[in-house]
Amino acid sequence: MERAKSISQIQAPTYGNLITILSIDGGGIKGIIPAIVLTFLESELQKLDGEDARLADYFDVIAGTSTGGLVTAMLAAPDEENRPLFAAADIKTFYLENSPKIFPQFRGALGRVAKILRAIWGPRYDGKYLHELVRRYLGKTKLHQTLTKVVIPTFDIKRLQPIIFSSYEVTKNSTRDALLSDICIGTSAAPTYLPAYYFQTEDIHGNVKEFNLIDGGVAANNPALVAMGEVTKEVFKENPDFFPIKPMDYHRFLVISLGTGSSKGEERYNARLAKRWGILDWLLNQGSTPLVDVFTQASADMVDIHISVAFQALRSGRNYLRIQDDMLSGTKASVDIATEGNLEELVKVGEMLLKKPVSRVNLDTGHVDPVGGGEGTNEEALIRFAKILSEERRLREMRSRHTKTGRRRNLC
C-alpha cells in the first residue's frame, strides 16, 4: 500500500458512532505478551491506512496500569515530529533489551539466598535503571501533551486511595498534570518488587500537590473499567466531544482489553498450605509473592466479569474483546524473572495467544474459556476490530470536514 503522507490525530467521538478504548493490564516483564498483540493490531491498521498508522490514531482512550501504564505512555507520548514515541513493534524490543537491567537476576544458590534476604529487608530491586530509562525516553512530556487521552491508575499510600492520572482531569485540576515519567514510575512501583515513589507537582498559581505512589495494580490491575468510567463522567458533564452520547450507551463502546497472563491453571496455592502461612509466606512462596498475585488477579478478573456481563446484557458482546492467557506456568508466570530464555518464552506465549479462540472468563470456574458464536481466534477478532477502527476514523474525518465546511458557509 502507498505510504500515507501524513495522518492526523483522531477526531472527537461526537463525529463518529463509537467510543474506542484500549486497555493494558499490569504484569512486569509479562508486558511482552500484550506487546505482541498490539504489534499485530497495528500491522492490520497499517494494511488498511498506510504504514504511518499508529494505535494512538484510532483510540479515544488508552489506559494502562503498571507495566501497562508504561506501554500506554510509549504509545501516546509525542516524539519531535508530534507522532507516537514508539510504534507497537518497538515495544517488544524495548522489553527484551531492558528487562534484564530493570530486574537483574540473582544466580546460583547464593543468589537465591540473597534474593530472599533482599525481599525481607526491602524491595527486591532498587528501580534506578527503570527510573533513568523512563526519564530518558519521556523527558519533560506532561500528561496533557499525549496524542490521545490516557488513563493511568496509581495508588497513594499516604492517603490510602487510588489516584487516577487521566487526561480528562487535567483540564479541571492542573496539579494532576504531572510528568509522564513520574506517573509511569509511580504506577509501576509494585510492593515488594520496586520502591514506592514520591514526587510533587505545582500549578501556575503555586499550588503544590504531593504524591506518595505505589503500583496502580493494587486498585485496578485491569484498568478497562476505570477508562470507561472516565469517559462516562465526561458524558454526564455534557462534554461536547461526546454529544449526543448518553451515559449508559454501552453499545457505543468498543473496548480491547489486554491481559498479561496468569497462572490460574497451575493452581500453585491451596487452602491446606495457606492456612499455615505467616507474613513471610504470603510475601515469598515458591519464588513468587502470593499476596500480590491474589490482589492483582482478583482486580483484573472482577473488571473482566463486570464488563462482560454488562456488554452481553446489552447485546453488545462483540464490542468487547478481552485477550488473556490463564495457563502460564513456572517462570513464565513471574513478573520479574528476566532471563533471556524466559523473555523469549513470553514472546512465544503472545504469538500463540493470537492463534487461540476468543475467550471470556467463566463465572463458575474462574478460567478463561472459548466462546461460541463464530468469533474465531483472537487474531481474526483483531482483524475485525481493525476494520471497525479504520472505518470509524474515516467516518469521523468525513463528518468533521462537513461540519467545518457548513460552519464556514454560515459565517459567510
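In this predicted model, helices α2 and α3 cross in a right-handed sense. Two packed helices are described by the angle between their axes and the distance separating those axes. For α2 and α3, the packing angle is about 135°, and the axes lie 10 Å apart. An angle of this kind makes α2 oblique to α3, because the roughly antiparallel class takes in only angles over 145 degrees, and the roughly perpendicular class those from 65 to 115.

We can turn next to the empty space in the model. Rolling a probe the size of a water molecule over the atoms shows where such space is left. The largest pocket has a volume of about 920 Å³. Its lining is made up of 50 residues, of which K30, V292, D293, T296 and V335 are the closest to the pocket centre. Several helices give two or more residues to this lining: α2 (67-76) and α3 (88-102), together with α5 (128-138), α7 (180-187), α8 (217-220) and α12 (290-313). Sorted by class, the lining holds 23 nonpolar residues, 20 polar ones and seven charged ones.

With eight residues, α12 gives the most to the lining of the largest pocket. This helix has 24 residues, and the distance from its first C-alpha to its last is 34 Å, close to the 34 Å expected at 1.5 Å a residue. Just after α12 comes R315, which takes a positive phi of about 55°.

Methods. Residues numbered from 1 in each chain as written. Predicted model: local features only at pLDDT ≥ 70, side-chain atom pairs only at ≥ 80, totals over all residues. Heavy atoms only, no water. 1 Å grid on protein atoms, 1.4 Å probe; cavity = no way out; pocket = protein on both sides within 12 Å on 5 of 7 lines; lining within 4 Å. Points joined across faces, edges and corners; volume = space filled by probe spheres on them. Helix = DSSP H or I, 4+ residues; strand = E, 2+ residues; numbered from the N terminus. Nonpolar A, V, L, I, M, F, W, Y, C, P; charged D, E, K, R; others polar. Expected span 1.5 Å × (residues − 1). Axes fitted to C-alpha atoms, helices over the stretch in contact; angles between N-to-C directions. Parallel < 35°, antiparallel > 145°, perpendicular 65-115°, else oblique. Left-handed = near helix turned anticlockwise from the far one by under 90°.
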